[in-house]
Each structure stands twice: as C-alpha cells, then as structure tokens.
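Visitor: Hi! I'm new to this one and would like a quick tour. Could you show it to me?

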Amino acid sequence: MTATGKKRLPIGIQTFSEIIEGGYYYVDKTPVIERLVQQNKYYFLSRPRRFGKSLLLDTLHCLFEGRQALFEGLYIYDRWDWGQANPVIHLSLSSGRPNSTEELDVLLHEQLRRNYGSSSLGVEFAP
C-alpha cells in the first residue's frame, strides 16, 4: 500500500503471488477460474498480448500447487480442496519455432527433462 493507504496498480506484474504479497490491487477472478476448472477438460487460451494470460496461468499454477495463503479472502478460498496439491508442468514454445513434429517432440521432452526431471514427476522421458 502507498502512504495514503491506497493499493497500487500491478502494472507489468504477471505473478499472482507478487500481486497478493505486495499488497497490489487485485480484481478477484477466482469465480471464473473455478468455473474454468470445473466445467470442461481442455482450453486453448488465444487472447492478444497484454490481456492477462500469464497472470491467469500463474494464478492457476498457485491454485493447483495448493498455495492456500495466497487465496485467503478470495472467492475460491472456501471452495477449493487445499489438502490436495497437483503437479504443474510449464512448457514454453517461446524459444523458437520447431520446423517439424520431431523437433517439437525433442523440444518438449528436453524442457520436461531439464525443468522437472524424471524423479519429480515419477515418469521417465524418452528422447
């Protein structure tokens, strides 16, 4: 909060925990997130740049990891099973554009191996 007691706007912040822990203004979107998680199986997020995809995904990440304290006072706090944490896998295609299915396969497997390893997920990744 500022000296006047007003919360600051989170301009350029894409991390849910930083917004909550830093005392920034946050519009509670967890009712929408609850519907998103409960209603369907797969989603393709294709909004334009700077429309909040990264913040939404980071909020989902924190939720599925079971970081309960971050959600205190928000809609979803009393509606989520905090006793069950789920593994969260983050894959990025921002490092380049694969030219074939094989290149994509290698890229994804390398990210899984480098960032999560077989021990943390209990899965072995073939090349």
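Guide: Here is a short walk through the fold, a helix pair, a few residues and the surface. Keep in mind that this is a predicted model.

Visitor: Good to know. How many helices and strands are there in the protein?

Guide: The protein has five helices and zero strands. Reading from the N terminus, the order of elements is α-α-α-α-α.

Visitor: And what share of the residues is buried?

Guide: Of the 127 residues, 21% are buried. As for contacts between residues at least 6 apart in sequence, 39% of them link residues at least 24 apart.

Visitor: Let's look at a pair of helices. At what angle do H2 and H3 pack?

Guide: Helix H2, residues 30–39, packs against H3 at about 70°, and the two axes lie 11 Å apart. Angles from 65 to 115 degrees count as roughly perpendicular, so H2 is roughly perpendicular to H3.

Visitor: Which residues make that contact?

Guide: On the H2 side they are Ile 33, Leu 36 and Val 37. H3 brings Leu 56, Thr 59, Leu 60, Leu 63 and Phe 64.

Visitor: Switching topic: where is Gln 111 found, and is Gln 111 buried or exposed?

Guide: Gln 111 belongs to helix H4. Its relative accessible area is 6%, and buried means under 20%, so Gln 111 counts as buried.

Visitor: What is Gln 111 in contact with, leaving aside neighbours within four places in sequence?

Guide: With those neighbours set aside, Gln 111 touches His 90, Leu 91, Ser 92 and Tyr 116.

Visitor: Tell me about Ser 92, then. Where is its place?

Guide: Ser 92 sits in the loop that runs between helix H3 (53–65) and helix H4 (101–115). Along the chain, Ser 92 and Gln 111 are 19 residues apart, and their C-alpha atoms are separated by 8.1 Å. Ser 92 is partly exposed, because its relative accessible area of 23% falls between the 20% and 50% limits.

Visitor: What about the outside? Which residues make the nonpolar surface patch?

Guide: Leu 9, Ile 11, Tyr 25 and Val 27 form a nonpolar patch of about 460 Å². One of them, Ile 11, lies in the segment before helix H1 (16–21).

Visitor: Why does Ile 11 count as exposed?

Guide: Exposed means over 50% relative accessible area, and Ile 11 has 71%, so Ile 11 qualifies.

Visitor: Last one: how much accessible surface does the protein have?

Guide: The total is about 9,400 Å², and carbon and sulfur atoms account for 53% of that surface.

Technical notes
Residues are numbered from 1 along each chain as its sequence is written. This is a predicted model: local features need pLDDT of at least 70, side-chain atom pairs count only at pLDDT 80 or more; totals for chains, interfaces and linings use all residues. Side-chain values use heavy atoms; hydrogens and water are left out. Patches are made of residues with over 30% relative accessible area and no salt bridge: like charges are joined within 9 Å, nonpolar side chains (Val, Leu, Ile, Met, Phe, Trp, Tyr) within 5 Å. Accessible areas come from the Shrake-Rupley method with a 1.4 Å probe; for residues, only the protein chains shown count as cover. A salt bridge is a side-chain nitrogen of Lys or Arg within 4 Å of a carboxyl oxygen of Asp or Glu. Helices (H or I, at least four residues) and strands (E, at least two) are DSSP runs, numbered from the N terminus. Buried means under 20% relative accessible area, exposed over 50%, partly exposed in between (1.4 Å probe, protein chains only). Axes are lines fitted to C-alpha atoms, for helices over the stretch in contact, and angles run from 0 to 180 degrees between N-to-C directions. Angles under 35 degrees count as roughly parallel, over 145 as roughly antiparallel, 65 to 115 as roughly perpendicular and the rest as oblique. Contact means heavy atoms within 4.5 Å.
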